[in-house]
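Here are my notes for you to read alongside the structure. Take them one point at a time, and keep the model open while you go.

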Amino acid sequence: MKHRFVAIGLALAATLAAACTQGGSGRQSAAVEACRVERLRLQPAAASDIGSLGTPPDHLTPTEVAATAACLAPALDAVLASAQDPVLRGAETWAPMSRAYRGSEHGMFLQVYANEAAAASYRRYEQGAAIPLGGTVLKRSFRVAADGKAEPYALFVMERMPQGFSPDTNDWRFALIGPDGRLVGATNGPDDAKVRYCASCHATARRQDFLLFVPPGLRL
Ligand code: HEC
């Protein structure tokens, strides 16, 4: 049984890879067009509107999630490149801290990255090592519609700021950036109110410096 599952998964990975190559040229739109979980293609079209925040399919296999993330990689990099927040300059090269996975709270597929200043401390997880000034943790995301079509989504950022920057957020600057690269809001910045909900949830991990961490099985 398990073997069959893996075989199906591999076939899907190959299909996605082929579709991605057909998309060609590395242009963002081409890559986006091409990335789809083939198994879901025949699902009702009405559910395929990924412009509206729907519940992503929660039954993708880990192989399907990984293959979709791989297919979308150029498009996800394009989102980073278009991000107006200077803290994300060069973020295409940051080290992954997790595999791609279905988020429990963010309602989409996610992958966590950290910049050089943050990576070593972040990797100590619950052991707790304060992330130094300038350390930044980034969550990239994508969504998969009911019919399998996959598309990059928002960027979630936590940037360590100097002491006193924002006691309410443990001196983290939370930032939310749309898939078009526009800053939706940032702590102590434009549209601060739009990111207050970030800290209220992350504050549940006060003893871990507001970091919530992916489950151990997803860590890299
Ligand atoms: C309802 C709870 C909740 C809200 C609201 C929330 N998050 Fe998170 N966040 C989590 C959880 C849980 C994790 C751990 C990983 C996971 O399950 O996806 C996480 C992980 C992260 C991480 C990776 C660092 C870490 O904690 O391990 C970043 C960066 C992040 N969130 C940014 C944001 C930003 C920016 C916002 C607001 C725009 C936000 N989050 C809103 C629950 C939340």
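Predicted model: local features only at pLDDT ≥ 70, side-chain atom pairs only at ≥ 80, totals over all residues.

**Notes on the model**

1. Residues are numbered from 1 along each chain as its sequence is written.

2. Confidence is lowest in helix H1 (residues 2-23), with a mean of 32, and highest in E6, at 98. Over residues 1-32 the pLDDT stays under 50, and the model has 41 contacts beyond four places in sequence for them. Residues 47-54 also have a pLDDT below 50, with twelve contacts in the model beyond near neighbours in sequence. Two residues are in contact if their C-beta atoms, placed from the backbone, lie within 7 Å.

3. Next, the overall layout. Helices (H or I, at least four residues) and strands (E, at least two) are DSSP runs, numbered from the N terminus. Take the contacts between residues at least 6 apart in sequence: 56% of them join residues at least 24 apart.

4. What share of the 220 residues counts as buried? It's 36%. A residue is buried if 20 or more other C-beta atoms lie within 10 Å of its own, exposed if 12 or fewer, and partly exposed in between, with C-beta atoms placed from the backbone.

5. On to the core. The largest nonpolar core has 49 residues, and Leu72, Val157 and Phe174 have the most contacts inside it. H3 (62-82), E3 (109-114), H4 (116-122), E4 (136-144), E5 (150-160) and E6 (172-177) each supply at least two of its residues. H3 gives the largest share, ten residues. A nonpolar core here is a set of buried Ala, Val, Leu, Ile, Met, Phe, Trp, Tyr and Cys residues joined through C-beta atoms within 7 Å.

6. Among the buried residues of H3 are Glu64, Thr68, Leu72 and Leu76.

7. Valine 37 sits in the loop between helix H2 (28-34) and H3. Why does valine 37 count as buried? Because valine 37 has 24 C-beta neighbours inside 10 Å. Valine 37 and threonine 68 are 31 residues apart in sequence, yet 7.0 Å apart in space, C-alpha to C-alpha.

8. Six of the six residues of E3 are buried, so it is largely enclosed by the rest of the structure. Phe109, Gln111 and Tyr113 lie on one side of E3, with Leu110, Val112 and Ala114 on the other. E1 (residues 95-96) pairs with E3 in the antiparallel sense over two bridges, and E2 (residues 101-102) pairs with E3 in the antiparallel sense over two bridges. Two strands pair if DSSP finds at least two bridges between them.

9. E4 comes next. E3 and E4 pair in the antiparallel sense over six bridges, with alanine 114 opposite valine 137. E4 also runs antiparallel to E5, joined by eight bridges. These two, E4 and E5, form a hairpin with five residues between them, and glycine 148 in the turn has a positive phi of about 95°. Eight of the nine residues of E4 are buried.

10. Last stop: alanine 199, in helix H5 (residues 196-202). Alanine 199 is partly exposed, with 17 other C-beta atoms within 10 Å. Beyond four places in sequence, alanine 199 is in contact with Asp168, Thr169 and Phe174.

Technical notes: pLDDT = per-residue confidence, 0-100.
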